[in-house]
Amino acid sequence: MKAKLIFASLFLSMAGLSAQTYQVPVSEQDEPMMKGKFEPTWSSLENYQVPEWFRNVKFGIWAHWGPQCVEGSGDWMARSMYMEGTREYEYHVKHYGHPSEVGFKDIIPLWKAENWEPDKLVAFYKKIGAQYFFALGNHHDNMDLWDSKYQPWNSVNMGPKKDILAGWEKAARKYGLYFGVSLHADHAWSWYEPSQRHDTKGPKKGIPYDGKLTKADGKGKWWEGYDPQDLYAQNHPLSENSWDNGMIHRQWAWGNGVCVPSQEYCTNFYNRTLDVINRYNPDLLYFDVTVAPFYPVSDAGLKIAAHFYNHNMATHKGKLEAVMFGKILDENQRKALVWDVERGAPNKIIDQPWQSCSCIGGWHYNTSIYEKNEYKSAAYVAKLLVDIVSKNGNLLLSVPLRADGTFDEKEEKILNEFGAWMNINKEAIYDTRPWVVFGEGPIAEEDIPLNAQGFNEGSYSQAGAKEIRFTQTPKYLYATVLAWPADGKVNIKSLAADSKLYEGKIRKVELLGYGKVDFVRTAEGLSVTLPAQPLNQIAPVLRIAK
(Lines give C-alpha, C1' and ligand atoms only; values in the text may rest on other atoms or scores of the structure.)
Protein backbone atom coordinates (compact mmCIF):
# COMPACT_ATOMS: atom_id res chain seq x y z
CA MET A 1 0.00 0.00 0.00
CA LYS A 2 2.82 2.38 0.92
CA ALA A 3 4.51 1.71 -2.43
CA LYS A 4 1.22 2.43 -4.22
CA LEU A 5 0.82 5.72 -2.37
CA ILE A 6 4.37 6.75 -3.24
CA PHE A 7 3.76 5.85 -6.92
CA ALA A 8 0.47 7.74 -6.96
CA SER A 9 2.12 10.78 -5.39
CA LEU A 10 4.96 10.65 -7.93
CA PHE A 11 2.48 10.29 -10.81
CA LEU A 12 0.45 13.31 -9.69
CA SER A 13 3.64 15.32 -9.24
CA MET A 14 4.79 14.48 -12.79
CA ALA A 15 1.32 15.24 -14.16
CA GLY A 16 1.43 18.63 -12.47
CA LEU A 17 4.82 19.37 -14.00
CA SER A 18 3.67 18.40 -17.50
CA ALA A 19 0.40 20.36 -17.35
CA GLN A 20 0.74 23.86 -18.77
CA THR A 21 -0.04 26.73 -16.45
CA TYR A 22 -0.85 30.22 -17.66
CA GLN A 23 0.02 33.61 -16.26
CA VAL A 24 -3.26 35.12 -17.49
CA PRO A 25 -6.05 32.52 -17.59
CA VAL A 26 -9.26 33.79 -19.19
CA SER A 27 -12.70 33.74 -17.61
CA GLU A 28 -15.49 31.71 -19.22
CA GLN A 29 -18.21 33.43 -17.23
CA ASP A 30 -19.75 35.24 -20.21
CA GLU A 31 -18.76 32.88 -23.03
CA PRO A 32 -18.35 29.26 -21.87
CA MET A 33 -16.03 27.17 -24.01
CA MET A 34 -18.08 24.47 -25.73
CA LYS A 35 -17.31 21.01 -24.44
CA GLY A 36 -16.72 18.18 -26.86
CA LYS A 37 -14.02 16.06 -28.42
CA PHE A 38 -11.37 18.76 -28.09
CA GLU A 39 -9.93 20.22 -24.90
CA PRO A 40 -7.69 23.31 -24.66
CA THR A 41 -4.45 21.30 -24.50
CA TRP A 42 -1.91 20.51 -27.18
CA SER A 43 -2.28 16.78 -26.57
CA SER A 44 -5.99 17.02 -27.33
CA LEU A 45 -5.77 19.53 -30.20
CA GLU A 46 -3.09 17.42 -31.93
CA ASN A 47 -5.89 14.97 -32.79
CA TYR A 48 -7.10 17.53 -35.34
CA GLN A 49 -7.28 16.44 -38.98
CA VAL A 50 -7.29 19.02 -41.79
CA PRO A 51 -10.58 18.68 -43.71
CA GLU A 52 -10.29 17.42 -47.25
CA TRP A 53 -12.12 20.43 -48.65
CA PHE A 54 -9.30 22.72 -47.57
CA ARG A 55 -6.76 20.59 -49.42
CA ASN A 56 -8.84 20.94 -52.58
CA VAL A 57 -9.75 24.63 -52.73
CA LYS A 58 -6.20 26.02 -53.11
CA PHE A 59 -7.08 29.70 -53.60
CA GLY A 60 -8.88 32.27 -51.46
CA ILE A 61 -9.46 36.04 -51.50
CA TRP A 62 -9.18 38.22 -48.39
CA ALA A 63 -10.79 41.64 -47.90
CA HIS A 64 -8.31 43.17 -45.45
CA TRP A 65 -10.51 46.22 -45.09
CA GLY A 66 -11.57 48.54 -42.27
CA PRO A 67 -11.30 52.09 -40.92
CA GLN A 68 -7.52 52.21 -41.43
CA CYS A 69 -8.26 52.57 -45.17
CA VAL A 70 -9.68 56.07 -44.70
CA GLU A 71 -6.39 57.95 -45.04
CA GLY A 72 -4.96 55.65 -47.72
CA SER A 73 -1.67 55.49 -45.79
CA GLY A 74 -1.42 51.71 -45.80
CA ASP A 75 -1.17 49.04 -43.18
CA TRP A 76 -0.66 49.82 -39.48
CA MET A 77 -1.54 53.49 -40.05
CA ALA A 78 -3.44 53.65 -36.74
CA ARG A 79 -0.13 52.92 -35.03
CA SER A 80 2.18 54.88 -37.32
CA MET A 81 0.09 58.07 -37.10
CA TYR A 82 1.33 58.30 -33.49
CA MET A 83 4.99 57.96 -34.49
CA GLU A 84 6.40 61.46 -34.79
CA GLY A 85 8.10 62.11 -38.12
CA THR A 86 6.79 59.08 -40.02
CA ARG A 87 5.08 59.48 -43.38
CA GLU A 88 1.76 58.43 -41.82
CA TYR A 89 2.16 60.92 -38.97
CA GLU A 90 2.97 63.78 -41.34
CA TYR A 91 0.04 62.94 -43.60
CA HIS A 92 -2.37 62.71 -40.68
CA VAL A 93 -1.25 66.02 -39.17
CA LYS A 94 -1.51 67.79 -42.53
CA HIS A 95 -4.92 66.45 -43.56
CA TYR A 96 -6.74 65.59 -40.33
CA GLY A 97 -5.04 67.21 -37.35
CA HIS A 98 -2.52 66.58 -34.61
CA PRO A 99 -2.83 63.22 -32.75
CA SER A 100 -3.20 65.08 -29.47
CA GLU A 101 -6.43 66.53 -30.88
CA VAL A 102 -7.52 64.14 -33.65
CA GLY A 103 -6.71 60.54 -32.86
CA PHE A 104 -7.57 57.35 -34.65
CA LYS A 105 -10.89 57.22 -32.79
CA ASP A 106 -11.81 60.35 -34.77
CA ILE A 107 -11.01 58.68 -38.09
CA ILE A 108 -13.54 55.91 -37.48
CA PRO A 109 -16.65 58.07 -38.22
CA LEU A 110 -15.10 58.98 -41.58
CA TRP A 111 -15.21 55.34 -42.69
CA LYS A 112 -18.58 55.14 -44.45
CA ALA A 113 -18.23 52.08 -46.75
CA GLU A 114 -20.70 53.95 -48.94
CA ASN A 115 -20.02 51.99 -52.15
CA TRP A 116 -19.51 48.58 -50.56
CA GLU A 117 -21.44 45.84 -52.39
CA PRO A 118 -20.41 42.50 -50.86
CA ASP A 119 -22.63 40.48 -53.20
CA LYS A 120 -21.03 42.03 -56.28
CA LEU A 121 -17.49 41.71 -54.88
CA VAL A 122 -17.78 38.08 -53.83
CA ALA A 123 -19.36 37.17 -57.18
CA PHE A 124 -16.32 38.71 -58.85
CA TYR A 125 -13.89 36.89 -56.55
CA LYS A 126 -15.55 33.59 -57.41
CA LYS A 127 -15.40 34.42 -61.10
CA ILE A 128 -11.61 34.88 -60.97
CA GLY A 129 -11.10 31.57 -59.17
CA ALA A 130 -11.46 32.04 -55.41
CA GLN A 131 -12.96 29.09 -53.58
CA TYR A 132 -12.86 30.59 -50.11
CA PHE A 133 -13.25 34.13 -48.83
CA PHE A 134 -11.87 35.90 -45.77
CA ALA A 135 -13.34 38.97 -44.09
CA LEU A 136 -11.53 41.13 -41.56
CA GLY A 137 -13.37 40.86 -38.24
CA ASN A 138 -11.09 43.26 -36.40
CA HIS A 139 -7.56 44.51 -36.88
CA HIS A 140 -4.91 45.69 -34.43
CA ASP A 141 -6.91 48.93 -34.39
CA ASN A 142 -9.34 47.02 -32.11
CA MET A 143 -12.59 48.01 -33.83
CA ASP A 144 -15.04 45.13 -34.38
CA LEU A 145 -16.67 44.99 -37.80
CA TRP A 146 -19.89 43.40 -36.63
CA ASP A 147 -22.65 44.04 -34.09
CA SER A 148 -20.28 43.11 -31.31
CA LYS A 149 -21.58 42.16 -27.86
CA TYR A 150 -18.26 42.95 -26.19
CA GLN A 151 -16.82 45.93 -28.07
CA PRO A 152 -18.88 49.16 -28.25
CA TRP A 153 -16.44 50.51 -30.83
CA ASN A 154 -17.97 48.54 -33.69
CA SER A 155 -19.18 49.11 -37.24
CA VAL A 156 -22.86 49.05 -36.29
CA ASN A 157 -22.54 51.74 -33.62
CA MET A 158 -20.32 54.05 -35.68
CA GLY A 159 -18.64 54.49 -39.06
CA PRO A 160 -20.62 52.59 -41.71
CA LYS A 161 -23.39 51.72 -39.20
CA LYS A 162 -23.45 48.29 -40.84
CA ASP A 163 -22.70 44.71 -39.76
CA ILE A 164 -19.79 44.14 -42.13
CA LEU A 165 -19.27 40.48 -41.21
CA ALA A 166 -22.94 39.70 -41.77
CA GLY A 167 -22.78 41.23 -45.25
CA TRP A 168 -19.66 39.31 -46.22
CA GLU A 169 -20.96 36.04 -44.79
CA LYS A 170 -24.27 36.26 -46.63
CA ALA A 171 -22.46 36.85 -49.93
CA ALA A 172 -19.93 34.06 -49.35
CA ARG A 173 -22.67 31.54 -48.56
CA LYS A 174 -24.71 32.66 -51.57
CA TYR A 175 -21.85 31.97 -53.98
CA GLY A 176 -20.70 28.75 -52.34
CA LEU A 177 -17.39 30.03 -50.99
CA TYR A 178 -16.08 28.79 -47.66
CA PHE A 179 -16.18 31.69 -45.21
CA GLY A 180 -13.28 32.82 -43.04
CA VAL A 181 -12.79 35.59 -40.49
CA SER A 182 -9.47 37.10 -39.47
CA LEU A 183 -9.14 38.55 -35.96
CA HIS A 184 -6.12 40.67 -35.01
CA ALA A 185 -7.24 42.78 -32.05
CA ASP A 186 -5.37 40.75 -29.43
CA HIS A 187 -2.26 42.83 -30.14
CA ALA A 188 -3.91 46.25 -29.71
CA TRP A 189 -2.56 46.20 -26.13
CA SER A 190 1.03 46.77 -27.22
CA TRP A 191 0.39 47.88 -30.81
CA TYR A 192 -1.35 51.10 -29.74
CA GLU A 193 1.35 52.06 -27.23
CA PRO A 194 2.63 54.95 -29.41
CA SER A 195 -0.72 56.65 -28.70
CA GLN A 196 0.62 57.19 -25.15
CA ARG A 197 3.47 59.30 -26.54
CA HIS A 198 3.83 63.00 -27.35
CA ASP A 199 5.84 65.09 -29.76
CA THR A 200 9.48 65.53 -28.76
CA LYS A 201 9.92 68.81 -30.66
CA GLY A 202 7.95 71.61 -32.24
CA PRO A 203 4.94 73.59 -30.98
CA LYS A 204 3.15 70.50 -29.62
CA LYS A 205 6.17 69.20 -27.73
CA GLY A 206 5.16 67.34 -24.57
CA ILE A 207 1.41 67.47 -25.21
CA PRO A 208 0.09 63.88 -24.83
CA TYR A 209 -1.56 62.12 -27.75
CA ASP A 210 -5.07 60.84 -27.15
CA GLY A 211 -4.19 57.27 -26.13
CA LYS A 212 -4.91 57.77 -22.41
CA LEU A 213 -8.29 59.50 -22.73
CA THR A 214 -11.17 58.09 -20.72
CA LYS A 215 -14.94 58.04 -20.97
CA ALA A 216 -15.15 61.15 -18.77
CA ASP A 217 -13.16 63.12 -21.38
CA GLY A 218 -15.89 62.64 -23.97
CA LYS A 219 -18.46 65.02 -22.54
CA GLY A 220 -19.75 67.19 -25.38
CA LYS A 221 -17.72 65.27 -28.01
CA TRP A 222 -19.04 63.05 -30.80
CA TRP A 223 -17.89 60.03 -28.84
CA GLU A 224 -19.65 60.97 -25.61
CA GLY A 225 -20.69 57.79 -23.81
CA TYR A 226 -17.90 55.71 -25.34
CA ASP A 227 -14.69 54.92 -23.48
CA PRO A 228 -11.55 55.41 -25.63
CA GLN A 229 -9.86 52.76 -23.48
CA ASP A 230 -12.23 50.16 -24.95
CA LEU A 231 -10.53 51.02 -28.24
CA TYR A 232 -6.94 51.93 -27.38
CA ALA A 233 -6.52 49.65 -24.32
CA GLN A 234 -3.72 51.88 -23.00
CA ASN A 235 -4.58 52.04 -19.31
CA HIS A 236 -1.34 50.18 -18.57
CA PRO A 237 2.42 50.88 -18.37
CA LEU A 238 4.45 50.97 -21.56
CA SER A 239 6.34 47.87 -22.59
CA GLU A 240 10.11 47.82 -22.29
CA ASN A 241 11.75 50.08 -24.91
CA SER A 242 8.30 51.02 -26.20
CA TRP A 243 9.63 54.19 -27.84
CA ASP A 244 11.68 51.96 -30.13
CA ASN A 245 9.25 51.55 -33.03
CA GLY A 246 10.69 48.16 -33.99
CA MET A 247 10.50 46.66 -30.53
CA ILE A 248 6.97 45.36 -31.04
CA HIS A 249 8.23 42.79 -33.54
CA ARG A 250 10.56 41.31 -30.92
CA GLN A 251 7.71 41.28 -28.41
CA TRP A 252 5.04 39.82 -30.72
CA ALA A 253 5.09 36.47 -28.89
CA TRP A 254 4.35 38.21 -25.56
CA GLY A 255 7.93 38.19 -24.32
CA ASN A 256 11.08 40.32 -24.33
CA GLY A 257 9.73 42.88 -21.89
CA VAL A 258 6.24 43.37 -23.27
CA CYS A 259 3.72 44.63 -20.73
CA VAL A 260 1.71 41.50 -19.92
CA PRO A 261 -1.97 41.91 -20.87
CA SER A 262 -4.56 41.82 -18.11
CA GLN A 263 -7.11 39.07 -17.56
CA GLU A 264 -9.87 41.52 -18.45
CA TYR A 265 -8.21 42.30 -21.79
CA CYS A 266 -7.49 38.65 -22.72
CA THR A 267 -10.99 37.61 -21.71
CA ASN A 268 -12.51 40.41 -23.77
CA PHE A 269 -10.76 39.17 -26.92
CA TYR A 270 -11.74 35.59 -26.10
CA ASN A 271 -15.39 36.66 -25.67
CA ARG A 272 -15.40 38.63 -28.92
CA THR A 273 -13.93 35.70 -30.83
CA LEU A 274 -16.47 33.23 -29.45
CA ASP A 275 -19.19 35.74 -30.36
CA VAL A 276 -17.98 35.57 -33.99
CA ILE A 277 -17.81 31.76 -33.97
CA ASN A 278 -21.26 31.32 -32.42
CA ARG A 279 -22.96 33.95 -34.56
CA TYR A 280 -21.39 33.56 -38.02
CA ASN A 281 -20.21 29.93 -38.04
CA PRO A 282 -16.99 30.61 -39.98
CA ASP A 283 -15.28 27.72 -41.71
CA LEU A 284 -11.85 29.29 -41.16
CA LEU A 285 -10.26 31.48 -38.47
CA TYR A 286 -7.05 33.43 -38.94
CA PHE A 287 -4.99 35.11 -36.22
CA ASP A 288 -1.97 37.33 -36.84
CA VAL A 289 -0.05 35.72 -34.01
CA THR A 290 2.84 33.53 -33.03
CA VAL A 291 1.16 30.14 -32.49
CA ALA A 292 -2.22 31.24 -31.01
CA PRO A 293 -3.77 34.37 -29.44
CA PHE A 294 -1.91 35.39 -26.25
CA TYR A 295 0.11 32.17 -26.26
CA PRO A 296 2.03 31.32 -24.10
CA VAL A 297 0.96 33.82 -21.39
CA SER A 298 -2.74 32.94 -21.60
CA ASP A 299 -4.96 29.95 -22.35
CA ALA A 300 -7.21 32.15 -24.54
CA GLY A 301 -5.86 30.81 -27.84
CA LEU A 302 -6.18 27.12 -27.00
CA LYS A 303 -9.65 27.64 -25.55
CA ILE A 304 -10.66 29.43 -28.76
CA ALA A 305 -9.33 26.50 -30.82
CA ALA A 306 -11.14 23.89 -28.71
CA HIS A 307 -14.39 25.87 -28.84
CA PHE A 308 -14.09 26.45 -32.59
CA TYR A 309 -13.51 22.77 -33.35
CA ASN A 310 -16.23 21.54 -31.00
CA HIS A 311 -18.72 24.15 -32.25
CA ASN A 312 -17.93 23.27 -35.85
CA MET A 313 -18.43 19.56 -35.21
CA ALA A 314 -21.77 20.29 -33.57
CA THR A 315 -22.93 22.19 -36.67
CA HIS A 316 -21.63 19.50 -39.06
CA LYS A 317 -23.20 16.43 -37.46
CA GLY A 318 -20.04 15.30 -35.72
CA LYS A 319 -17.67 15.89 -38.65
CA LEU A 320 -14.88 18.43 -38.20
CA GLU A 321 -14.74 20.86 -41.15
CA ALA A 322 -12.97 23.80 -39.46
CA VAL A 323 -9.57 25.34 -40.20
CA MET A 324 -7.70 27.55 -37.72
CA PHE A 325 -4.36 29.11 -38.65
CA GLY A 326 -1.29 29.93 -36.59
CA LYS A 327 2.18 31.25 -37.46
CA ILE A 328 5.67 30.06 -36.49
CA LEU A 329 4.40 26.64 -35.44
CA ASP A 330 6.61 23.74 -34.40
CA GLU A 331 6.02 20.23 -35.74
CA ASN A 332 3.57 19.24 -33.00
CA GLN A 333 1.64 22.50 -33.16
CA ARG A 334 1.18 21.95 -36.90
CA LYS A 335 -0.86 18.88 -36.00
CA ALA A 336 -3.28 21.05 -34.04
CA LEU A 337 -3.43 24.13 -36.29
CA VAL A 338 -2.83 24.85 -39.97
CA TRP A 339 0.49 26.62 -40.53
CA ASP A 340 0.23 30.06 -42.13
CA VAL A 341 3.29 31.58 -43.83
CA GLU A 342 3.05 35.33 -44.38
CA ARG A 343 4.28 36.59 -47.76
CA GLY A 344 6.43 33.54 -48.36
CA ALA A 345 6.81 29.81 -48.78
CA PRO A 346 9.08 27.00 -47.67
CA ASN A 347 11.16 25.66 -50.55
CA LYS A 348 10.04 22.05 -50.15
CA ILE A 349 6.90 19.94 -50.00
CA ILE A 350 5.26 20.12 -46.58
CA ASP A 351 3.47 16.96 -45.43
CA GLN A 352 0.61 18.79 -43.70
CA PRO A 353 -1.55 21.19 -45.74
CA TRP A 354 -0.55 24.82 -45.12
CA GLN A 355 -1.32 28.32 -46.34
CA SER A 356 0.57 31.34 -47.58
CA CYS A 357 -1.12 34.70 -47.10
CA SER A 358 -0.06 37.51 -49.38
CA CYS A 359 -1.38 40.69 -50.93
CA ILE A 360 -1.27 42.34 -54.33
CA GLY A 361 -0.30 45.57 -52.60
CA GLY A 362 -0.21 46.57 -48.94
CA TRP A 363 -2.50 44.97 -46.40
CA HIS A 364 -4.61 48.09 -45.94
CA TYR A 365 -5.23 50.30 -48.95
CA ASN A 366 -2.19 52.40 -49.78
CA THR A 367 -2.59 55.27 -52.24
CA SER A 368 1.18 55.41 -52.72
CA ILE A 369 1.28 51.84 -54.07
CA TYR A 370 -1.45 52.76 -56.55
CA GLU A 371 0.32 55.93 -57.69
CA LYS A 372 3.71 54.22 -58.07
CA ASN A 373 2.30 51.16 -59.88
CA GLU A 374 3.72 48.83 -57.23
CA TYR A 375 1.00 46.18 -57.29
CA LYS A 376 1.97 42.60 -57.99
CA SER A 377 1.32 41.66 -61.60
CA ALA A 378 -1.07 38.87 -62.56
CA ALA A 379 1.97 36.80 -63.55
CA TYR A 380 3.54 37.34 -60.12
CA VAL A 381 0.35 36.17 -58.39
CA ALA A 382 0.14 33.09 -60.63
CA LYS A 383 3.78 32.20 -59.95
CA LEU A 384 3.17 32.38 -56.22
CA LEU A 385 0.02 30.28 -56.48
CA VAL A 386 1.57 27.55 -58.61
CA ASP A 387 4.69 27.35 -56.46
CA ILE A 388 2.66 27.18 -53.24
CA VAL A 389 0.24 24.54 -54.54
CA SER A 390 3.16 22.38 -55.75
CA LYS A 391 4.32 22.27 -52.10
CA ASN A 392 0.93 21.22 -50.67
CA GLY A 393 -0.18 24.76 -49.81
CA ASN A 394 -3.03 27.18 -50.46
CA LEU A 395 -2.75 30.87 -51.33
CA LEU A 396 -4.89 33.45 -49.53
CA LEU A 397 -4.59 36.68 -51.53
CA SER A 398 -5.62 40.01 -50.08
CA VAL A 399 -7.10 42.58 -52.44
CA PRO A 400 -6.99 46.00 -50.74
CA LEU A 401 -10.25 47.94 -50.86
CA ARG A 402 -10.53 51.69 -50.67
CA ALA A 403 -12.43 53.18 -47.75
CA ASP A 404 -15.64 53.29 -49.79
CA GLY A 405 -15.54 49.51 -50.31
CA THR A 406 -14.26 49.32 -53.91
CA PHE A 407 -10.99 48.26 -55.49
CA ASP A 408 -9.29 50.54 -58.00
CA GLU A 409 -9.05 50.07 -61.77
CA LYS A 410 -5.42 48.88 -61.63
CA GLU A 411 -6.33 46.12 -59.21
CA GLU A 412 -9.30 45.18 -61.38
CA LYS A 413 -7.09 44.81 -64.47
CA ILE A 414 -4.65 42.57 -62.60
CA LEU A 415 -7.43 40.39 -61.20
CA ASN A 416 -9.18 40.03 -64.55
CA GLU A 417 -5.93 38.97 -66.22
CA PHE A 418 -5.23 36.48 -63.45
CA GLY A 419 -8.82 35.20 -63.61
CA ALA A 420 -8.59 34.61 -67.35
CA TRP A 421 -5.47 32.49 -66.78
CA MET A 422 -7.12 30.60 -63.92
CA ASN A 423 -10.20 29.85 -65.98
CA ILE A 424 -8.09 27.96 -68.52
CA ASN A 425 -5.58 26.35 -66.15
CA LYS A 426 -7.57 25.67 -62.98
CA GLU A 427 -7.49 21.89 -63.41
CA ALA A 428 -3.76 22.04 -62.60
CA ILE A 429 -4.61 23.86 -59.34
CA TYR A 430 -7.88 22.71 -57.76
CA ASP A 431 -8.14 19.20 -56.25
CA THR A 432 -4.49 18.46 -57.02
CA ARG A 433 -1.76 17.05 -54.83
CA PRO A 434 2.02 17.48 -54.89
CA TRP A 435 4.03 15.18 -57.14
CA VAL A 436 7.19 13.31 -56.10
CA VAL A 437 9.14 16.59 -56.29
CA PHE A 438 7.57 20.05 -56.27
CA GLY A 439 9.64 21.41 -59.13
CA GLU A 440 12.91 21.97 -60.90
CA GLY A 441 14.97 24.99 -61.85
CA PRO A 442 17.50 27.36 -60.28
CA ILE A 443 15.10 28.62 -57.60
CA ALA A 444 13.78 25.15 -56.79
CA GLU A 445 17.35 24.04 -56.10
CA GLU A 446 18.17 26.99 -53.81
CA ASP A 447 18.03 27.03 -50.04
CA ILE A 448 15.56 29.86 -49.44
CA PRO A 449 15.01 30.33 -45.70
CA LEU A 450 11.93 31.83 -44.13
CA ASN A 451 12.34 35.07 -42.19
CA ALA A 452 10.31 34.79 -38.96
CA GLN A 453 6.75 34.07 -40.13
CA GLY A 454 7.68 34.07 -43.84
CA PHE A 455 8.68 37.15 -45.87
CA ASN A 456 10.66 35.43 -48.62
CA GLU A 457 8.21 35.62 -51.52
CA GLY A 458 10.48 38.05 -53.37
CA SER A 459 12.80 35.12 -54.04
CA TYR A 460 10.13 33.66 -56.32
CA SER A 461 9.15 36.83 -58.18
CA GLN A 462 11.83 36.52 -60.88
CA ALA A 463 11.11 32.89 -61.75
CA GLY A 464 11.71 32.35 -65.46
CA ALA A 465 11.12 29.71 -68.11
CA LYS A 466 13.63 27.28 -66.58
CA GLU A 467 11.49 27.16 -63.44
CA ILE A 468 8.87 24.37 -63.54
CA ARG A 469 6.37 23.30 -60.89
CA PHE A 470 4.46 20.01 -60.70
CA THR A 471 1.01 19.01 -59.46
CA GLN A 472 -0.94 15.83 -60.04
CA THR A 473 -4.36 14.18 -60.01
CA PRO A 474 -4.95 10.42 -60.20
CA LYS A 475 -5.17 10.77 -63.99
CA TYR A 476 -2.65 13.44 -64.98
CA LEU A 477 0.66 15.06 -64.14
CA TYR A 478 0.76 18.83 -64.66
CA ALA A 479 3.92 20.81 -65.33
CA THR A 480 3.59 24.59 -65.13
CA VAL A 481 6.42 26.59 -66.66
CA LEU A 482 6.65 29.84 -64.69
CA ALA A 483 7.23 31.97 -67.82
CA TRP A 484 6.87 31.48 -71.56
CA PRO A 485 10.25 30.48 -73.05
CA ALA A 486 11.47 32.88 -75.71
CA ASP A 487 12.33 30.05 -78.11
CA GLY A 488 9.11 28.12 -77.51
CA LYS A 489 11.00 25.11 -76.14
CA VAL A 490 10.56 23.52 -72.73
CA ASN A 491 12.86 20.82 -71.39
CA ILE A 492 11.70 19.02 -68.25
CA LYS A 493 14.68 17.21 -66.75
CA SER A 494 12.60 15.43 -64.12
CA LEU A 495 10.81 13.57 -66.95
CA ALA A 496 13.91 12.33 -68.77
CA ALA A 497 13.71 8.86 -70.34
CA ASP A 498 15.71 7.27 -67.53
CA SER A 499 14.14 9.28 -64.69
CA LYS A 500 13.26 7.34 -61.54
CA LEU A 501 10.60 9.97 -60.85
CA TYR A 502 8.43 8.96 -63.81
CA GLU A 503 9.17 5.47 -65.04
CA GLY A 504 6.10 4.89 -67.20
CA LYS A 505 5.64 5.90 -70.81
CA ILE A 506 4.38 9.34 -71.74
CA ARG A 507 1.54 8.91 -74.19
CA LYS A 508 0.39 12.48 -74.70
CA VAL A 509 1.32 16.07 -73.78
CA GLU A 510 -1.23 18.87 -74.08
CA LEU A 511 -1.01 22.59 -73.50
CA LEU A 512 -4.07 23.67 -71.55
CA GLY A 513 -6.16 26.08 -73.59
CA TYR A 514 -4.55 24.87 -76.84
CA GLY A 515 -4.36 21.11 -77.33
CA LYS A 516 -1.74 18.54 -78.25
CA VAL A 517 1.87 19.64 -78.58
CA ASP A 518 4.88 17.83 -79.99
CA PHE A 519 7.31 16.25 -77.56
CA VAL A 520 10.28 13.93 -77.47
CA ARG A 521 11.69 12.14 -74.44
CA THR A 522 15.45 11.78 -74.24
CA ALA A 523 18.07 11.18 -71.60
CA GLU A 524 18.22 14.98 -71.13
CA GLY A 525 14.52 15.42 -70.43
CA LEU A 526 11.05 15.72 -71.87
CA SER A 527 11.42 18.27 -74.65
CA VAL A 528 8.18 20.04 -75.56
CA THR A 529 7.54 22.44 -78.44
CA LEU A 530 5.03 25.16 -77.61
CA PRO A 531 3.03 27.14 -80.19
CA ALA A 532 4.86 30.09 -81.73
CA GLN A 533 2.47 32.59 -80.19
CA PRO A 534 2.09 32.51 -76.38
CA LEU A 535 -1.52 32.08 -75.22
CA ASN A 536 -1.14 34.66 -72.44
CA GLN A 537 1.41 36.78 -70.61
CA ILE A 538 1.61 34.51 -67.58
CA ALA A 539 2.59 30.83 -67.85
CA PRO A 540 2.01 27.71 -69.97
CA VAL A 541 0.59 24.63 -68.25
CA LEU A 542 1.26 21.16 -69.66
CA ARG A 543 -0.99 18.18 -69.04
CA ILE A 544 0.94 14.94 -69.25
CA ALA A 545 -0.77 11.56 -69.68
CA LYS A 546 0.59 8.02 -69.50
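Trainee: Why is asparagine 392 called buried?

Mentor: In this predicted model, asparagine 392 has a relative accessible area of 3%. Buried means under 20%, so asparagine 392 counts as buried. The residue is found in the loop between α15 and β8 (393-398).

Trainee: Which residues does asparagine 392 touch, not counting residues up to four places away in sequence?

Mentor: Asparagine 392 touches Arg55, Ile350, Asp351, Gln352, Pro353, Trp354 and Pro434. Arginine 55 is 337 residues apart from asparagine 392 in sequence, and their C-alpha atoms are 7.8 Å apart in space.

Trainee: What makes the pairing of the side chains of asparagine 392 and arginine 55 a polar contact?

Mentor: The distance is 3.3 Å, and the cut-off for a pair of N or O atoms is within 3.5 Å, with one able to donate a hydrogen and the other to accept it. The pair therefore counts as a polar contact. The side chain of asparagine 392 also reaches the backbone oxygen of isoleucine 350, at 3.0 Å.

Trainee: Why is α15 called oblique to α16?

Mentor: The axes of α15 (residues 378-390) and α16 (residues 409-425) cross at roughly 45 degrees and come within 8 Å. That angle makes α15 oblique to α16, because angles under 35 degrees count as roughly parallel and 65 to 115 as roughly perpendicular. The crossing is right-handed.

Trainee: Which residues of α15 and α16 meet?

Mentor: From α15 come Ala378, Val381, Ala382, Leu385 and Val386; from α16 come Ile414, Glu417, Phe418, Trp421 and Met422. By class, this contact has 9 nonpolar, no polar and 1 charged residues.

Trainee: How do you know that serine 461 is buried?

Mentor: Its relative accessible area is 18%. The cut-off is under 20%, so serine 461 is buried. Serine 461 is found in the loop between β9 (439-440) and β10 (468-472).

Trainee: What is serine 461 in contact with, leaving aside its neighbours within four places in sequence?

Mentor: Serine 461 is in contact with Tyr380 and Lys383. Its C-alpha atom is separated by 9.0 Å from that of alanine 379, 82 residues apart along the chain. The side chain of serine 461 also makes a polar contact with the side chain of glutamine 462, at 3.4 Å.

Trainee: Why does serine 499 count as buried?

Mentor: The relative accessibility of serine 499 is 11%.

Conventions. Residues numbered from 1 in each chain as written. Predicted model: local features only at pLDDT ≥ 70, side-chain atom pairs only at ≥ 80, totals over all residues. Heavy atoms only, no water. Axes fitted to C-alpha atoms, helices over the stretch in contact; angles between N-to-C directions. Helix = DSSP H or I, 4+ residues; strand = E, 2+ residues; numbered from the N terminus. Parallel < 35°, antiparallel > 145°, perpendicular 65-115°, else oblique. Left-handed = near helix turned anticlockwise from the far one by under 90°. Contact = heavy atoms within 4.5 Å. Nonpolar A, V, L, I, M, F, W, Y, C, P; charged D, E, K, R; others polar. Buried < 20%, exposed > 50% of the residue type's maximum accessible area, 1.4 Å probe, protein only.
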